[in-house]
Amino acid sequence: MPFDALTIAAVRQELRDTIVGGRVQNLLMPGPLALSLEIYRSGMGRSHLLLSAHPQHARVHLTSVAPSRDPEQHPPLLLLLRKYVRGGTLLDVWQPRHERILGLSIAKRFYPDKHQEYHSEGDFRHTGDEVEEEPDAPLVTIQLIVEVMGRMSNIVLVGEDGIILDSIKRIPPSLNRYRTTLPHQPYVEPPPQEKRDPMHTSINAMSLELAKAAEEDKGAAAWKGLVSGFSGVSPTLAREVVFRALGDTTRAAEQIAPQPAMLTRLLHELQALFSFEETRQWEPTLAWRERGEDERHPVDFAPYRLTHLEHGGATLEPCASVSEAASKYFVGVQSLGGHSALKSQVRAEIEEIKKRDERKLFALREEWTRAEAQEELRRKGEFLLAYMHTLEPGQRKLEIPEEKLTIDLDPNLTPVENAQALFREYRKAQSAHEGLPEKIAGAEIGVRFADELLTSLDLAATHDEIRAVQNELRLARSGASLPQQSKNDNKQKPAKSKGRKPQDKTPQPLRLRTRYGAHILVGRTASQNEIATFRLAAPEDLWFHAQNVPGGHVILRTEPGVTEQDIQEAASLAAAYSKLRAEAHVDVVYTERKYVRRVPNAPPGFATYKNEQVVRVAPAKLAAKQQPGDVPG
């Protein structure tokens, strides 16, 4: 768990130094369990504070960029935050001793009982005097409390009287009788840990805790005794303490419990790390491990040097602040805000569709195999009629060695009746065989389309692009097709409708230029592929696609001066925006747009082509603004 009590203490001090005294200018929800506050403080500028109650990645820290708003999120909590928090001043940031809780005290002048009009749509960005305080109104101070406790994490808005206004997770009595987290209920802090304070303990107490851990689990590591016996100690912190004291994180608790010298070193290192709260000698560090030649993944982060991970082969990266370390860690694991949650949701939906179509395809192919086998019935019927003069009454089997054929017979039927029975079974199988090729082709397209959607989802870099993929998926689920624009659509101007909210625009293909100035269009979803290839491309433009794998359509405008280098660059982009983008080299086909045709009765973006050429290229290295991935949220 990266966010332990000591990490939150480091965040608390960082927030006091940077944003306490600042004004909450804006707030939004990047996802269903996340909040972001934009806070301006004179001399420090604008900061973005991320609060998350994600069950695996709950956290609270500053981010370097503003997260994207999830337009689907507009719960009652957001309306209350608009009323009580936006436009207020951050007075203090507090933390119960050695607890994974961070509270924000925010004051604002307004009349609590005054009627205000709220709108659930939009991102609540203020304009003009919309969030100006009322100078004569009373000062109302609320607490915005972030509980960073794994799957029990929550964000709770508490009024001056200690009564809950709302929370990002509502917990009824049926789930927790001790701590009911519902509006109009008193806020109850999580029960304190029944553990020892690491700053007020002795080697005798440490010996008892290690011995207790060894009794419960013979051979238990010493660090487990520190976690179970002392408040605020996480597994990462405990391993670091044991390594700094003894040089080995695997030392058993039963070996150390009776050793005063070892216990003394353990206690010294434990208290040295916790003393950072007083000395402020934080050393924010991010630990990485290499994965392949050009890839690495984050292992952990902490407000101190992770020397035990460095000893285990990890690379340590010093960071300017604990928030920077946290941001880099969560970007690395792609677990930030609502984008990751939304991507996971859409991925699960697509994989469900794909598995369904794969099961359907398997069943159809099995049926085809059975239908093909029934051709033998017709052959048997014909040979039975040809050889029926050789049969004797009551015969059960006819063998024709020269044809390697054995025909089972019903002794109660005549030869002609036996042949008729075989022909009836054959006609039945033949009827079932009709339409199978079309059904199989449809199921194959369904599986291919699911693969295309998964690739598009991997390439989606913004919330709107993820939603576009989700929309394509839902249209496919409903059996509808994405709207396809005719050649004359561009000539028709849409009629203006009064009083209606404009429809969301489909994300357009990416527009780039090669290093030599040639224009390129890149489709990253089915609808964008459709637009790039069949609406925007001219017949003489060049069309690129990674060979035989899902990927985006890339269009190179054949303007005067287009060179072979432009073709290579466009092919590299087609490789980069494909399922094989991680490969060293990818085969890319290209042809003139006039040789590309839609696949009849297939989803948008499916195309056939001819007169193609194949070029083998390395996938392009995408710029940061082009790079697929999550945006902090």
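How exposed is Arg-280, in terms of relative accessible area? Arg-280 is partly exposed, at 42%. The cut-offs: buried is under 20% relative accessible area, exposed is over 50%, and partly exposed lies in between (1.4 Å probe, protein chains only).

1. Basis. This is a predicted model: local features need pLDDT of at least 70, side-chain atom pairs count only at pLDDT 80 or more, and totals for chains, interfaces and linings use all residues. Residues are numbered from 1 along each chain as its sequence is written, and side-chain values use heavy atoms, with hydrogens and water left out. Helices (H or I, at least four residues) and strands (E, at least two) are DSSP runs, numbered from the N terminus.

2. Positive phi. Most residues other than glycine have a negative phi. Arg-280 has a positive phi near 60°. Arg-280 sits in the loop between helix H8 (276-279) and strand S10 (285-290). Lys-404 counts as exposed, at 79% relative accessibility.

3. Helices H5 and H7. The axes of H5 (residues 235-246) and H7 (residues 260-274) come within 8 Å and cross at roughly 130°. That makes H5 oblique to H7. Axes are lines fitted to C-alpha atoms, for helices over the stretch in contact, and angles run from 0 to 180 degrees between N-to-C directions. Under 35 degrees is roughly parallel, over 145 roughly antiparallel, 65 to 115 roughly perpendicular, and the rest oblique.

4. Residues of that contact. Contact means heavy atoms within 4.5 Å. H5 contributes residues including Leu-237, Val-241 and Leu-246, and H7 residues including Met-262, Leu-266 and Phe-274. The contact of H5 with H7 divides into 10 nonpolar, no polar and 4 charged residues. Here Ala, Val, Leu, Ile, Met, Phe, Trp, Tyr, Cys and Pro count as nonpolar, Asp, Glu, Lys and Arg as charged, and the others, Gly among them, as polar.

5. Helix H4. In H4 (residues 222-229), 6 of the 8 residues are buried, so it is largely enclosed by the rest of the structure. Trp-223 and Leu-226 are among them. The cover includes helix H3 (203-216), H5 and helix H6 (253-256).

6. Strand S6. In S6 (residues 101-109), 8 of the 9 residues are buried, so the strand is largely enclosed by the rest of the structure. S6 pairs antiparallel with strand S5 (residues 89-94) over 5 bridges. Two strands pair if DSSP finds at least two bridges between them. Trp-94 stands opposite Gly-103. S5 and S6 form a hairpin with 6 residues between them, and His-98 in the turn has a positive phi of about 60°. S6 is also joined to strand S7 (residues 139-147), antiparallel, by 9 bridges. There, Arg-109 faces Leu-139.

7. The open sheet. Its 6 strands run in the order S15-S16-S18-S17-S19-S22, with antiparallel pairing. Strands S15 (510-513) and S22 (613-617) stand at the edges, each with a single partner strand, so one side of each lacks a neighbour in the sheet. Neighbouring strands are turned by 25° against each other on average, direction ignored.

8. Helices on the sheet. H16 (residues 526-536) lies across S15, S16, S17 (542-546) and S18 (554-556), at about 135° to S16. H17 (residues 564-576) packs on the sheet too, making about 40° with S17.
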